[in-house]
Amino acid sequence: MFADYLEKLGNAANESQEVLVWSDAMSDLGFDKHMYGIRAQDAGRVNEHMVESTTFTEDWLSAYYGGLHKDDPVVAHSTVHPLPFIWTDCPVDTPEQRAFMANAADAGLKHGISAPLIVGSGYEGAVSVSGDSNADLREHLMAIYSMTCAMHVLRVKNWSRDTLQAFKLTAREQEVMRWIAAGKDDWTIGSILGISENGVHYHKKNIFRKLQLSSRVAVAAVAQKTGIADANYRFW
C-alpha cells in the first residue's frame with residue numbers, strides 16, 4: 001500500500017494534488033477527519049492561515065481558532081514529543097484541558113493520532129487524524145506518520161512560491177527580505193530600494209507579522225530556504 005501511495009504522490013500534477021493524494025489515503029485507512037498544516041518554527045501560536053487540508057467541520061474550526069486551541073493538550077504534547085502519538089497517551093493535566101478533550105469528543109474527535117513534522121526546513125508541520133474507532137490506532141500509527149512525512153517533504157520542497165503566496169508577501173516585502181538575508185541594515189536597504197528608512201521599517205514589520213517571525217536572523221533563514229535570497233529570484 002505504501003509503495004502505491006508513493007507512486008501516486010510522485011505522479012501528482014501539482015502541490016494541491018499531492019495533498020489530495022494524502023487526504024484520500026487517510027480516508028482509505030478509516031480516518032474520516034484529518035488535518036495537515038504548516039507553520040514557521042518561530043510561530044508563537046497555531047496559524048490557521050497555513051492549514052493545507054482538513055475535513056474537520058467549520059463549526060469546530062471556528063471554535064478551535066476562536067480560543068479553544070490555547071487549551072489543546074495535543075498541541076502541548078507535540079512540542080515535547082517529536083514522534084507520532086495517540087491522543088489518549090498525551091497528558092491532560094488541567095481542568096481546561098479536560099474540558100477541551102470533552103468538547104473535541106462532542107465534535108466527533110474522540111479517537112485520534114497526532115504528530116509534529118520537522119524536516120529541518122525552517123518550517124514545521126503538524127498532522128492530526130481521527131476515526132470512529134480506537135481499535136486500529138496503533139496499527140496505523142507509523143503508516144499515517146510515514147505517509148504524511150512523505151507528503152510534507154514535497155510540500156516543503158515546493159514552499160518557495162506556494163506558501164509565500166499563502167502569506168501574501170508583496171514583491172517589495174520579498175525584496176526587503178533579500179537584502180536582510182544579505183546582511184544589509186535598514187538604512188542601506190532603503191538606499192538600495194530607493195525608499196526611506198521608515199519605509200523599510202514598515203515593510204519589515206509586515207514581514208514579521210505575516211511570517212510570525214521575531215528576528216532578522218529568522219527572516220534571513222526563510223529567505224535562504226525559499227530562494228528569495230537568490231539574486232535570480234523573480235518577484236511577482
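Tutor: A residue is called buried when its relative accessible area is under 20%, exposed when it is over 50%, and partly exposed in between, computed with a 1.4 Å probe on protein chains only. The model is predicted, so local features need pLDDT of at least 70 and side-chain atom pairs count only at pLDDT 80 or more, while totals for chains, interfaces and linings use all residues. Residues are numbered from 1 along each chain as its sequence is written, and side-chain values use heavy atoms, with hydrogens and water left out.

Student: Why is Phe100 called buried?

Tutor: Phe100 has a relative accessibility of 5%, and because buried means under 20%, Phe100 counts as buried.

Student: What makes the pair of Tyr64 and Phe100 edge-to-face?

Tutor: Rings of Phe, Tyr and Trp (taking the six-membered ring of Trp) pair if their centres lie within 6.5 Å, and their planes count as stacked under 30 degrees apart, as edge-to-face over 60, and as tilted for the rest. The ring centres of Tyr64 and Phe100 are 6.0 Å apart and their planes stand at 65°, so the pair is edge-to-face. Tyr64 lies in helix α3 (residues 58–65) and Phe100 in helix α5 (residues 95–106), so the pair ties together parts that are 36 residues apart in sequence. Helices here are DSSP runs (H or I, at least four residues), as strands are (E, at least two), numbered from the N terminus. Tyr64, at 10% relative accessibility, also counts as buried, and ring pairs link Trp60, Tyr64, Tyr65 and Phe100 into a cluster.

Student: How many aromatic pairs does a search of the whole structure find, and why is the pair of Phe2 and Tyr5 called stacked?

Tutor: The search finds six aromatic pairs. For Phe2 and Tyr5 the centre-to-centre value is 6.2 Å and the angle between the planes is 25°; because planes under 30 degrees apart count as stacked, this pair is stacked. Both residues lie in helix α1 (residues 2–11), three residues apart, about one turn of the helix. Phe2 is partly exposed, with a relative accessible area of 36%, whereas Tyr5 counts as buried at 4% relative accessibility.

Student: How do you know whether Met147 is buried or exposed, and which residues does Met147 touch?

Tutor: Met147, found in helix α6 (residues 137–157), has a relative accessibility of 2% and therefore counts as buried. Leaving aside residues up to four places away in sequence, Met147 touches Met1, Phe2, Tyr5, Trp22, Ala25, Met26 and Leu29, where contact means heavy atoms within 4.5 Å. Met147 and Ala25 are 122 residues apart in sequence, yet 8.2 Å apart in space, C-alpha to C-alpha.

Student: What makes Arg172 and Glu175 a salt bridge?

Tutor: A salt bridge is a side-chain nitrogen of Lys or Arg within 4 Å of a carboxyl oxygen of Asp or Glu. The side chains of Arg172 and Glu175 meet at 3.1 Å, N to O, and because this is within 4 Å, the pair is a salt bridge. Both lie in helix α8 (residues 171–181); Arg172 is partly exposed at 29%, as is Glu175 at 23%.

Student: Which helices hold Asp186 and Lys204?

Tutor: Asp186 forms a salt bridge with Lys204, the closest N and O atoms being 2.6 Å apart. Asp186 lies in helix α9 (residues 186–193) and Lys204 in helix α10 (residues 197–211), so the pair ties together parts that are 18 residues apart in sequence. Asp186 and Lys204 are both buried, and salt bridges that share partners join Asp186, Lys204 and Arg216 into one network.
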